Amino acid sequence: MQLEQVETFLDIIESRNFNRSAERLGLTQSTVSTRIKNLETAVGSELFHRGRAGAEPTAAGRRFEAYARSMLSTWSQARHDVRAFNRFEGSLRVAAQVGMTRSILPGWLEMLLQVLPRSSIHVESDYSPQMISDLSLGNLDIAVVYAPRYLPEITYDQLMVEEYVMVSTTARRLCDVSPDSYIRPGYTVALEKAHAEALPNLTACRLSMGSETLADNMLRRAGGTCYMRAEDARRFAAERPSHIVEEAPTLHQPVYTARSSPDADMSRSLRKASARFTLPSCRWRVDRYNRS
């Protein structure tokens with residue numbers, strides 16, 4: 001088995017099409033097919049159902065996906081650690097929720113680099129369930145997540161609370177918001193719950209979205225009303241004819257750091273990084289959250 005075969009497999013998992021993956025990877029279709037055929041021979045099972053509609057993973061293919069991602073992650077970290085061995089005293093593997101890459105992550109990483117000047121840091125973005133799994137398997141050192149999943153080997157610290165405000169291209173006040181042009185925020189479970197409690201009359205709207213980027217793009221394209229991080233909402237209002245909606249409640253989304261090691265030095269470094277960096281749209285916290 002070769003890593004390029006695994007990489008090709010994961011690309012097809014995303015594209016669901018051999019030809020499309022060939023274009024994305026800069027390969028011929030026959031090369032892609034050969035790689036998958038050789039991988040299937042190595043694992044001893046068919047990984048995709050091929051058809052005119054594209055390529056769908058078999059049950060074995062879906063099972064193999066998690067192992068494939070783990071293999072690539074391990075290989076990537078191995079290269080990083082070996083290259084950094086002679087230059088740094090330690091290395092750190094960090095991952096953050098996909099939605100944080102533009103807002104929280106850059107500034108927090110900047111502070112982390114300051115408090116760990118002799119460590120190299122490898123950063124990725126992913127979703128909470130996969131990051132918690134990677135922590136448990138030892139493929140990550142720290143994850144920044146929205147949704148904790150309490151396991152005996154995982155320690156959580158509440159890092160901060162993000163604030164979300166309602167922005168609209170059509171309404172100035174909450175009473176003017178129309179459910180027909182409202183995008184209900186389904187970005188996280190916590191945010192959905194807070195929204196349902198604060199705005200029950202807007203839970204039965206036509207459109208809901210699980211991606212902040214998608215909601216932002218939809219608002220730019222078609223107009224309407226949705227919730228954004230406070231900083232993003234102010235930026236949007238400055239760029240487009242729009243308003244921060246008066247009388248609309250602010251929604252709060254807790255953010256946590258998760259780690260599998262109880263290392264006291266690491267805990268102090270995380271707290272220092274948190275204390276040095278603040279965002280206008282956030283309330284920073286360093287409370288320890290352990291399961292009782």
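His-49 stands opposite Glu-56, a residue of strand 2. The two strands here, strand 1 (residues 48-51) and strand 2 (residues 54-57), run antiparallel and are joined by 4 bridges; together they form a hairpin with 2 residues between them. Pairing, as used here, takes at least two bridges found by DSSP between two strands. Helices (H or I, at least four residues) and strands (E, at least two) are DSSP runs, numbered from the N terminus.

A word on the model itself: it is predicted, so local features need pLDDT of at least 70 and side-chain atom pairs count only at pLDDT 80 or more, while totals for chains, interfaces and linings use all residues. Residues are numbered from 1 along each chain as its sequence is written, and side-chain values use heavy atoms, with hydrogens and water left out.

Taken overall, the chain has 10 helices and 13 strands. Of its 292 residues, 44% are buried, where buried means under 20% relative accessible area, exposed means over 50%, and partly exposed lies in between (1.4 Å probe, protein chains only). Contact means heavy atoms within 4.5 Å. Among contacts between residues at least 6 apart in sequence, 71% join residues at least 24 apart.

Moving to the helices, helix 1 (residues 3-15) packs on helix 3 (residues 29-43) at an angle of about 110°, with the axes 9 Å apart. Axes are lines fitted to C-alpha atoms, for helices over the stretch in contact, and angles run from 0 to 180 degrees between N-to-C directions. Helix 1 and helix 3 therefore sit roughly perpendicular to each other; that label covers 65 to 115 degrees, with under 35 degrees counting as roughly parallel, over 145 as roughly antiparallel and the rest as oblique. Helix 1 brings Glu-4, Gln-5, Thr-8, Phe-9 and Ile-12 to the contact, and helix 3 brings Val-32, Arg-35, Ile-36, Asn-38 and Leu-39. By class, the residues of this contact of helix 1 with helix 3 split into 5 nonpolar, 3 polar and 2 charged. Here Ala, Val, Leu, Ile, Met, Phe, Trp, Tyr, Cys and Pro count as nonpolar, Asp, Glu, Lys and Arg as charged, and the others, Gly among them, as polar.

Helix 3 also meets helix 2 (residues 18-25): their axes come within 8 Å and cross at roughly 110°. Helix 2 and helix 3 are therefore roughly perpendicular as well. Phe-18, Asn-19 and Ala-22 of helix 2 touch Gln-29, Val-32, Ser-33 and Ile-36 of helix 3 in making this contact. The contact of helix 2 with helix 3 has 4 nonpolar, 3 polar and no charged residues.

Leaving aside neighbours within four places in sequence, Val-255 is in contact with residues including Met-100, Ile-104, Val-144, Leu-159 and Met-160.

Strand 9 (residues 225-229) has 5 of its 5 residues buried, so this strand is largely enclosed by the rest of the structure. Strand 9 pairs with strand 6 in the antiparallel sense over 5 bridges, and Tyr-164 has Arg-229 of strand 9 as its bridge partner. Strand 9 also pairs with strand 7 (residues 182-185), this time in the parallel sense over 2 bridges; here Ile-183 is partnered with Cys-226 of strand 9.

Val-177 lies in the loop between strand 6 and strand 7 and counts as buried at 10% relative accessibility. Not counting residues up to four places away in sequence, Val-177 touches Met-166, Ala-171, Tyr-182, Leu-202, Thr-225 and Val-245. Ile-244, in strand 10 (residues 243-244), is partly exposed, with a relative accessible area of 35%. With the sequence neighbours up to four places away again left out, Ile-244 touches Val-165, Met-166, Val-167, Arg-172, Ala-233 and Arg-234. Ala-222, in helix 8 (residues 212-222), is exposed, with a relative accessible area of 56%.
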